[in-house]
Amino acid sequence: MIENQSIYLALSVVLFIIGAAGAVCRRNAIVVFMCIEIMLGGVGIAFVTFSRANQSLDGIFMVLFIMAVAAAEAAVGLAIFVLMYRKHGTIDLDKFNLLKW
Amino acid sequence: MELVFLLICGGMAVISSLLVIFARSTLHSALWMVLSFFMVAIIYVLLHAEFLAMLQVIVYAGAIMMFVVYAIMMLNLRQERDAKVSVRVSKVVGVAALVVLFLELLLVGLGHSLTAMQGPITDSLVATHGRVAVISNFLFADYLLPFEVVSILLTAGVVGAVVLAKRVK
């Protein structure tokens, strides 16, 4: 246990839920993408808190790899948004139901 | 003192994250997002993860947000600004499920005292060797394989982005 551990964990839960709520409610694809980044930030705080509390570096490496995956995700995701916009003239997610059956 | 900083920065992180969702213009969302990333970086500093805080500022607030702002510039989203929020059954169900998840996470995370086996990285080890040296010793020994896999992933991501965004003739 470290000082204020419960505050750090509460902050991480709140950030995660804010990001998830935004990803559910917003329709603009770029805002949804940013909400997913908020969720990753909340997860990162939880990882680093436990890493600190247990005198270990594993949580820090997890966050390091999450950052790398997020960077790859940003590159591919934004390229997909540009492609969607070029094809349909909008990135409103309610107008895309290609995978719905 | 740490508590004061934590409360200020945590509060600002929550407020700026909320403003990301509620801002009407996509560009304003992106700018609030930068503030949110900076606040998370300060919280990493409070948790004695200075290296991660630096990476957070460089990778997230620098590189990824630059990507996003470029995308906003290229997409001309002015029409979307006045789009109304659509209320659908699926969204209501989704938000209800999130509230349940929120309560569950708070209950599990704060209701119990979570303990685990203590690792080898004590404060005295960090004080004698320096934090970045300790991190790099572990990164290039125990975590060498994941490190290489991530570098392949990043290469694949860049190639994929170029292939996707290329105009088809």
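The domain assignment of chain B gives domain 1 (1-78) and domain 2 (122-169), with bounds that come from an automatic or database domain assignment. The model shown here is predicted: local features need pLDDT of at least 70, side-chain atom pairs count only at pLDDT 80 or more, and totals for chains, interfaces and linings use all residues. Residues are numbered from 1 along each chain as its sequence is written, while chains are lettered from A and ligands numbered from 1 in the order in which they are written.

**View 1. The two domains of chain B.** Let us start with the spacing of the domains. Taken over C-alpha atoms, the centres of domain 1 and domain 2 of chain B are separated by 21 Å.

**View 2. The side of chain B that touches chain A.** Here 66 residues of chain B are in contact with 62 residues of chain A; two residues are in contact if their C-beta atoms, placed from the backbone, lie within 7 Å. Two or more residues each are given to this side of chain B by α1 (2-22), α2 (26-46), α3 (50-75), α4 (89-111), α6 (131-139) and α7 (144-165) of chain B. Helices (H or I, at least four residues) and strands (E, at least two) are DSSP runs, numbered from the N terminus. The largest share of this side, 11 residues, comes from α3(B). By class, the side of chain B that touches chain A has 48 nonpolar, 15 polar and three charged residues. In this scheme Ala, Val, Leu, Ile, Met, Phe, Trp, Tyr, Cys and Pro count as nonpolar, Asp, Glu, Lys and Arg as charged, and the others, Gly among them, as polar.

**View 3. Helices α1 and α2 of chain A.** Two packed helices are described by the angle between their axes and the distance between the axes. Helix α1 (residues 5-25) and helix α2 (residues 29-53) of chain A pack at an angle of about 165°, their axes 7 Å apart. The axes are lines fitted to C-alpha atoms, for helices over the stretch in contact, and angles run from 0 to 180 degrees between N-to-C directions. The angle makes α1(A) roughly antiparallel to α2(A), a label for angles over 145 degrees. The crossing of α1(A) and α2(A) is left-handed, meaning that the near helix is turned anticlockwise from the far one by less than a right angle. Residues of this contact divide into 18 nonpolar, seven polar and no charged.

**View 4. Helix α1 of chain A against helix α4 of chain B.** This pair packs at an angle of about 170°, with axes 10 Å apart. That makes α1(A) roughly antiparallel to α4(B). Among the residues that meet here are L9(A), V13(A) and I17(A) of α1(A), and L98(B), L101(B) and F102(B) of α4(B). By class, the contact has 15 nonpolar, three polar and one charged residues.

View 5. The axes of α1(B) and α2(B) come within 8 Å and cross at roughly 155°. That makes α1(B) roughly antiparallel to α2(B), and their crossing is left-handed. Residues meeting in this contact include F5(B) and M12(B) of α1(B), and M33(B) and I43(B) of α2(B). By class, the contact has 15 nonpolar, five polar and one charged residues. Take a look at S16(B) in helix α1 of chain B: it is buried, with 21 other C-beta atoms within 10 Å. A residue is buried if 20 or more other C-beta atoms lie within 10 Å of its own, exposed if 12 or fewer, and partly exposed in between, with C-beta atoms placed from the backbone. Leaving aside neighbours within four places in sequence, S16(B) is in contact with W32(B), L35(B), S36(B) and M39(B).

View 6. N54(A) is found in the loop between α2 and α3 (58-88) of chain A and is partly exposed, with 19 other C-beta atoms within 10 Å. Beyond its neighbours within four places in sequence, N54(A) is in contact with A116(B), Q118(B) and G119(B). Q55(A) also lies in the loop between α2 and α3 of chain A. Most residues other than glycine have a negative phi. Phi of Q55(A), however, is near 50°, a positive value. H48(B), in the loop between α2 and α3 of chain B, has a positive phi of about 60° although it is not a glycine.

How values were computed: Angles under 35 degrees count as roughly parallel, over 145 as roughly antiparallel, 65 to 115 as roughly perpendicular and the rest as oblique.
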